[in-house]
Amino acid sequence: METPFFTRWTRWFLPALSGVLLALSFPGPPLQGLALFYHPQWAYVGLLPLFFSLQNGRSKHALYSGWLSGFTFNLLCLYWVAYTQGGGAAVVGGTLLLAAYLGLSVAIWSLAACTIVAHWGPFGWLAAPALWTAQEYALSLGELGFPWLLLGHGQSGQTSFVQFASITGVYGVSFWVVLINVLLFLLCYTRSTQRAVLGVALAASFVFPWIYARSVIERETPAQSLRVALIQPNLSMEEKWGRGGLERSLDRLARLSYETAAERPELIVWPEPALPCYLALTADCRRRTATFVDEINIPLLTGASHYDTALQQPYNAAFFLRPKQVETPHYAKMHLVPFGERTPYRDRIPFLGQIDWTQLTGDLGPAEFAPGRRRTIFSHKRANFAVLICFESVFPDLVRRHVLAGAQVLINITNDSWFGRSAGPYQHALLNAMRAIENRVAIARSATSGQSLFIDRFGRRYQMSEIFTEAALVGNVSVAQSGSFYSRNGDLFAYCCLLFSAFCLIVLRMRNRANL
């Protein structure tokens with residue numbers, strides 16, 4: 001019989017401990033001394049406390065424990081959403097709701113895993129990695145998709161192990177992390193003969209990824225490169241959008257850009273949105289930017305707003321300006337931040353478009369941009385490149401479709417200054433490393449206030465800026481020739497996990513009916 005203390009231990013402490021350990025596997029607050037506690041390898045044991053808590057197999061307990069783990073994990077990692085600049089109490093409440101909503105996915109996973117274990121015994125836990133991968137994939141879908149904290153994303157810095165993401169995508173890395181937890185858990189509950197097999201499997205789960213990663217990286221051959229200058233102006237919202245903001249923005253961006261000219265960059269990148277204007281419609285803004293490009297004689301990619309006068313819709317966009325060229329091709333952001341840049345499903349549920357969110361969130365009411373519909377590949381004499389605007393870098397399928405369409409280099413422009421000196425900018429920068437590994441495409445990232453950096457096609461990061469400083473970085477990024485298996489074939493691994501999970505649950509359902 002469980003004592004009250006043991007009940008509290010399993011119901012409260014162990015699930016919450018799993019959430020804490022998983023949170024420690026992602027970048028944390030940039031506070032002196034705390035960095036020692038954060039490391040991606042915490043994820044290898046992060047689910048063990050939750051597994052121990054779920055041993056009694058009761059459905060209600062599984063749901064509650066899974067939700068508590070998920071809520072704790074998401075709240076500790078996404079705390080920075082709560083003090084987004086310009087928000088208020090409603091944004092704090094929204095952060096709690098976001099963590100509670102994301103925790104439901106872990107709750108459903110816990111219930112499904114416990115149901116399988118109850119029927120098939122302890123080795124039913126081997127289905128847990130596929131179930132976890134299925135729920136993570138579901139989190140990436142739709143206008144409310146938010147695959148920020150996929151377990152595989154936390155492993156993006158473990159480049160000596162996770163190169164197989166070029167085959168499976170990030171979902172295969174999440175599968176791998178959960179499998180390690182399962183093997184460790186089963187080692188605690190099996191007989192000595194079975195432990196030997198599990199021990200070999202556990203060792204193999206590290207050795208084979210390491211061997212593959214080493215062989216892939218050692219086969220690297222010198223490739224054509226594109227020399228890129230990344231400009232980090234570190235302008236506050238008030239400086240950019242206040243009186244005289246266009247002049248301040250252009251002066252600082254131009255000054256930092258001219259500082260890089262001696263290093264002979266072939267492309268200059270300004271962040272999202274570097275220019276506080278509708279670039280295509282504002283004559284003065286367009287003229288001054290074009291004049292700068294002609295004077296420095298280097299192509300420029302810059303973030304700026306766009307307005308389609310025919311459709312009467314605003315867009316968050318990126319423009320490509322070339323010396324002595326009148327045409328300025330642009331790309332409009334396709335996946336907008338829900339409740340930040342657009343109210344989700346407002347086109348399908350009309351009354352949502354009538355809500356005045358500023359009454360709740362102050363300055364953080366959705367900008368109500370229209371989503372871009374056209375995938376744009378910019379043509380540079382050295383390489384074709386595509387742009388990921390801010391939040392888009394979180395979505396594996398969106399990024400790999402850019403590569404499939406012909407992008408040989410990826411440029412991420414973003415404005416993470418909203419989130420202050422928090423874990424947010426560092427987490428966001430890290431996610432780009434997984435996109436590079438998945439597609440075998442190098443990435444250059446320019447952020448308004450940081451973190452700006454370069455990432456090679458194996459996810460290795462270099463020349464990383466500090467946040468909330470001015471910076472002008474110049475580096476070479478390799479030009480990809482063909483992408484990867486994942487680029488060409490997409491989320492096949494995730495689909496297999498979905499099918500396997502559905503098969504297991506259907507079989508259990510049929511067995512339950514047969515036993516009635």
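Which residues in α14 meet Arg435, Glu438 and Asn439 in α15? In this predicted model, local features require pLDDT of at least 70 and side-chain atom pairs count only at pLDDT 80 or more, whereas totals for chains, interfaces and linings use all residues. Residues are numbered from 1 along each chain as its sequence is written, and side-chain values use heavy atoms, with hydrogens and water left out.

The protein chain holds 17 helices and 13 strands, taken as DSSP runs numbered from the N terminus (helices H or I, at least four residues; strands E, at least two). Its radius of gyration, 24 Å, is close to the 24 Å that the globule rule gives for 516 residues, so the chain is as compact as a globular protein of that length; the radius is taken over C-alpha atoms, and the rule is 2.2 Å times the number of residues to the power 0.38. Of the 516 residues, 55% count as buried, that is, under 20% relative accessible area with a 1.4 Å probe, protein chains only.

Helix α14 (residues 396-404) packs against helix α15 (residues 424-439) at an angle of about 50 degrees, the axes lying 10 Å apart. The two helices are therefore oblique to each other, a class left for angles that are not under 35 degrees (roughly parallel), over 145 (roughly antiparallel) or 65 to 115 (roughly perpendicular). The α14 residues that meet Arg435, Glu438 and Asn439 in α15 are Pro396, Val399, Arg400 and Val403, where contact means heavy atoms within 4.5 Å. The residues of this contact comprise three nonpolar, one polar and three charged.

Note on methods: Axes are lines fitted to C-alpha atoms, for helices over the stretch in contact, and angles run from 0 to 180 degrees between N-to-C directions. Ala, Val, Leu, Ile, Met, Phe, Trp, Tyr, Cys and Pro count as nonpolar, Asp, Glu, Lys and Arg as charged, and the others, Gly among them, as polar. Buried means under 20% relative accessible area, exposed over 50%, partly exposed in between (1.4 Å probe, protein chains only).
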